[in-house]
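User: Hi! I am new to reading protein models. Could you walk me through this one, feature by feature?

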Amino acid sequence: MTLQEIIDDSSRIVFFGGAGVSTESGISDFRGVDGLYRQKYKYPPEVMLSRSFFDRQPEEFFAFYRDKLLVDGVKPNAAHYKLAELERAGKLICVVTQNIDGLHQDAGSVNVAELHGSVRRNYCMKCGRSYDKEFIKNSTGVPRCACGGIVKPDVVLYEEPLDSDTTDRALDAIARADTLIVAGTSLTVYPAAGFVSAFGGRHLVLINLTPTALDSRAELAIHAKAGETLKDIKAD
Ligand code: NAD
């Protein structure tokens, strides 16, 4: 079956995505050809985005975070918009994303399970007051709350657990799905990558520029850009 035929045959699609879904919007992934792992930093990204690094060297954490994860002026791409359209058409029940950029919501998606949190939400570690993305972007050094506490992004750093409500919502949607579309993820960051094993539906589709461990299990494995692949799909 083609991707269009699979989508026509589905009424409970879940999309499981990663950093590759946002590269067409201008945000670097980690392991793709222009990914952060191929750029030169003092430490690898999984060290700089770990909780112990955040606690030990917050200035360096925030310098990296502002530079690479708070990219200015980014907009959703064709993949984000098509998924929102599929949800409005009543065919897609949930977007489960490892991304923290909020672009699915910007495109109009409503039911989004953000497994790794969001750069849009930040809170004071001392008093709990919340702050938006611009507050962190416009701050220098370590962002501080009016009370003096450090303002921490609500993103799941390496060494931190996933939020259990979000996890439950994601796993429940994947278990109920008739079609799972996995896209733009190297499927190497756990526990998120393991979520696809909760799928027991009819059609497993993979869209990724490079091969993944899931290719052999998928009914359809497409090695191409997610936005370019999804843009011509008819939602209804
Ligand atoms: P990853 O970087 O490990 O893998 C991305 C995969 O997407 C690669 O296999 C690459 O070949 C593929 N890819 C790149 N561009 C693509 C495109 N246009 N269409 C289809 N495939 C494409 O990403 P991951 O598996 O999501 O793991 C990285 C972790 O880093 C995640 O936990 C995520 O939270 C975080 N992260 C998030 C963002 C973001 O929010 N935009 C960006 C970088 C990293």
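User: Where is the place of T167?

Analyst: T167 sits in helix α8. Helices here are DSSP runs of H or I with at least four residues, strands are runs of E with at least two, and both are numbered from the N terminus. This is a predicted model: local features need pLDDT of at least 70 and side-chain atom pairs pLDDT 80 or more, while totals for chains, interfaces and linings use all residues. Residues are numbered from 1 along each chain as its sequence is written, and side-chain values use heavy atoms, with hydrogens and water left out.

User: Is T167 buried or exposed?

Analyst: Buried means under 20% relative accessible area, exposed over 50%, and partly exposed in between (1.4 Å probe, protein chains only). T167 has 15% relative accessibility, so T167 counts as buried. Leaving out residues up to four places away in sequence, T167 touches L115, L162 and F195; contact means heavy atoms within 4.5 Å.

User: Which other residues of α8 are buried?

Analyst: Along with T167, the buried residues of α8 are T166, A170, A173 and I174. Seen down the helix axis, the buried residues of α8 fall within an arc of 135 degrees, so they line one face; the arc is taken from the directions from the axis to the C-beta atoms. Here is the general idea: an α-helix has 3.6 residues a turn, so residues three or four places apart point the same way. Among the elements covering the buried residues of α8 are β1, β2 and β7.

User: What is the largest nonpolar core, and which elements supply it?

Analyst: A nonpolar core is a set of buried Ala, Val, Leu, Ile, Met, Phe, Trp, Tyr and Cys residues joined through side-chain atoms within 4.5 Å. The largest one has 24 residues, and I174 is one of those with the most contacts inside it. β1, β2, α8, β7 and β8 each supply at least two residues of this core. Setting aside neighbours within four places in sequence, the contacts of I174 include V14, F16 and V96.

User: In what order do the strands of the open sheet run?

Analyst: Strands pair if DSSP finds at least two bridges between them. The order is β5-β4-β6, with antiparallel pairing. β5 and β6 stand at the edges with a single partner strand each, so one side of each is left without a neighbour in the sheet. β4 and β6 pair over five bridges, and G117 has V155 in β6 as its bridge partner.
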